[in-house]
Amino acid sequence: MKPIYLFTLFFIFSTVHFSFSQNKPLQIIMIGAHPDDCDIKGGGTAALFAEMGHHVKFISVTNGDAGHMEMGGGALAKRRTEEAKEAGRRLGIEYEVLDHHDGELLATLPVRLEIIRKIREWNADVVISHRSNDYHPDHRYTAILVQDAAFMVGVPNIAPDTPPLSKNPVFLYFQDNFQKPYPFRADIAVDITSVIDKKIYAMDAHVSQFYEWLPWIGNHESEVPKTAEARIDWLKSKRSGQVNESAKVSLEKWYGPQKAAQVKYVELFEICEYGSQPNEAEIRRLFPMLKK
Ligand SMILES: [Zn+2]
């Protein structure tokens with residue numbers, strides 16, 4: 001090969017490499033207890049990340065095999081895994097369902113090691129999960145499992161078959177309404193108005209949940225519309241959430257008062273005290289959709 005070609009090749013390679021390292025996609029992982037938790041609490045934010053070219057993965061720690069009034073066991077786990085995969089396709093993200101029984105999750109060492117490996121394999125910059133004071137035992141133990149992984153993801157001697165992360169990720173909590181021992185704090189507010197229909201469409205993939213199980217257990221089965229189109233409108237009316245006072249304050253911080261006033265739909269996150277502690281500039285780097 002002539003030296004001039006070699007030089008050109010080197011130039012192309014170094015330019016591509018340089019631009020890639022400058023615009024390296026962010027790696028976001030959300031870890032919920034059930035196949036639909038991440039969608040409900042972070043589906044809009046995931047859609048925004050994906051649209052910007054960043055990489056998002058949802059994990060459900062349980063396989064959802066208790067979440068139905070007529071089905072159960074392997075058949076339900078299979079159905080819910082397929083629903084989750086479809087929701088992932090609709091959001092443009094990856095969705096993995098781990099094989100632990102629904103309603104029986106415990107914060108054991110083997111599951112902790114599994115979670116550590118999943119966070120490492122995704123090379124996560126940001127990890128988002130439940131708070132540990134949630135009503136559902138699976139949510140609580142998922143929260144504990146993720147908190148227990150927060151330091152260990154960087155420790156080489158723990159789960160040594162999977163290389164440790166060189167930088168500790170930022171750990172965040174999904175929003176909830178539980179007040180004790182302390183209420184949720186809206187540290188980060190993401191305007192999801194532009195992607196609300198995509199979020200609802202992803203949730204719509206969980207047919208067994210939003211149109212069957214949750215209406216049944218909530219005693220409002222008769223409300224569920226029959227046609228696909230009416231169902232999506234109904235789901236949007238039930239599940240979009242309101243911009244409350246604390247969301248407003250956080251939105252104004254991140255978007256400025258003018259933009260914040262136009263936000264119709266929002267997702268909120270609290271910074272966990274474990275893992276990397278981001279300053280404002282780091283939060284803006286990790287959440288590039290936050291712009292004044
Ligand atoms: Zn759940």
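The largest pocket is lined by 35 residues, with Asp37, Ile40, Lys41, Gln175 and Arg239 nearest its centre. A pocket here is an open set of points on a 1 Å grid over the protein atoms alone, where a 1.4 Å probe fits and protein lies on both sides within 12 Å along at least five of seven lines; lining residues have an atom within 4 Å of a point. This is a predicted model, in which local features need pLDDT of at least 70 and side-chain atom pairs pLDDT 80 or more, while totals for chains, interfaces and linings use all residues. Residues are numbered from 1 along each chain as its sequence is written, and side-chain values use heavy atoms, without hydrogens and water.

The volume of this pocket is about 980 Å³, taken as the space filled by probe spheres set on the points. Helix 7 (207–217) gives the largest share of the lining, 4 residues. Helix 2, helix 8 (228–239) and strand 7 each supply at least two. By type, the lining holds 11 nonpolar, 12 polar and 12 charged residues, with Gly counted as polar.

Helix 5 (residues 137–152) reaches 23 Å from first C-alpha to last, close to the expected 22 Å, which is 1.5 Å times one less than its number of residues. Its buried residues include Asp138, His139 and Leu145, and strand 1 (27–32) and helix 4 (109–121) are among the elements covering them.

Conventions: Buried means under 20% relative accessible area, exposed over 50%, partly exposed in between (1.4 Å probe, protein chains only). Contact means heavy atoms within 4.5 Å.
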